[in-house]
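Reader: I'd like to go through the side-chain contacts in this one. Can you put it up?

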Amino acid sequence: MRITFDEVSVKRTFRWIDPATGRARQETKKFFQTVSPFNRTASGEIKSREQIRFEITREADLWMLRKENEAREVAQKVAA
């Protein structure tokens, strides 16, 4: 018997121009968690779909900020 759990996911795509080559680049990442009895909060309650969506959206936004900062730093190094 196989049990499957619903997946809640968010995708983010970061696009930039590579300063070294001048070519367009992109990186896509999928952030996900499942709605299951094993996915619990710190207090031991099962996470709701809304709680999971909030967490993965925050994680995806942080990833995008990190990628933007990395791209900006690389562009500054190449320009210098």
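Reader: Start with Arg49: buried, exposed or partly exposed?

Author: Arg49 is partly exposed, at 37% relative accessible area. Buried means under 20%, exposed over 50%, and partly exposed in between, with a 1.4 Å probe and protein chains only. This is a predicted model, where local features need pLDDT of at least 70, side-chain atom pairs count only at pLDDT 80 or more, and totals for chains, interfaces and linings use all residues. Residues are numbered from 1 along each chain as its sequence is written, and side-chain values use heavy atoms, with hydrogens and water left out.

Reader: What does Asp6 do with Arg49?

Author: Their side chains form a salt bridge, 3.3 Å from N to O. The term needs a side-chain nitrogen of Lys or Arg within 4 Å of a carboxyl oxygen of Asp or Glu. Asp6 is in strand E1 and Arg49 in helix H1, so the bridge links distant parts of the chain, 43 residues apart. Helices (H or I, at least four residues) and strands (E, at least two) are DSSP runs, numbered from the N terminus. Asp6 is partly exposed as well, with 48% relative accessibility.

Reader: How many salt bridges are there?

Author: Seven. One of them joins Glu27 and Lys67, with the closest N and O atoms 2.9 Å apart.

Reader: Switching to rings. How many aromatic pairs turn up?

Author: Three, from a search of the whole structure. Phe14 and Trp16 are a stacked pair, 5.1 Å centre to centre with 20° between the planes. For a pair, ring centres of Phe, Tyr and Trp (its six-membered ring) must lie within 6.5 Å; planes under 30 degrees apart are stacked, over 60 edge-to-face, and the rest tilted. Phe14 is buried at 7%, and Trp16 is partly exposed at 26%.

Reader: What about Phe31 and Trp63?

Author: Their ring centres are 5.9 Å apart and the planes stand at 65°, so the pair is edge-to-face. Phe31 belongs to strand E2 (residues 24–35) and Trp63 to helix H1 (residues 49–79), so the pair ties together parts 32 residues apart in sequence. Both residues are buried.

Reader: Back to Trp16. Where is it, and what does it touch?

Author: Trp16 is in strand E1, residues 6–17. Leaving out residues up to four places away in sequence, Trp16 touches Arg23, Ala24, Arg25, Gln26 and Glu27; contact means heavy atoms within 4.5 Å. Trp16 and Ala71 are 55 residues apart in sequence and 7.5 Å apart in space, C-alpha to C-alpha.

Reader: Which ring does the charged end of Lys30 sit over?

Author: The ring of Phe32, at 5.8 Å from its centre. That label requires NZ of Lys or CZ of Arg within 6 Å of the ring centre and within 35 degrees of the ring normal.

Reader: Last one, Phe38: buried or exposed?

Author: Phe38 is exposed, with 70% relative accessible area, and lies in the loop between E2 and H1.
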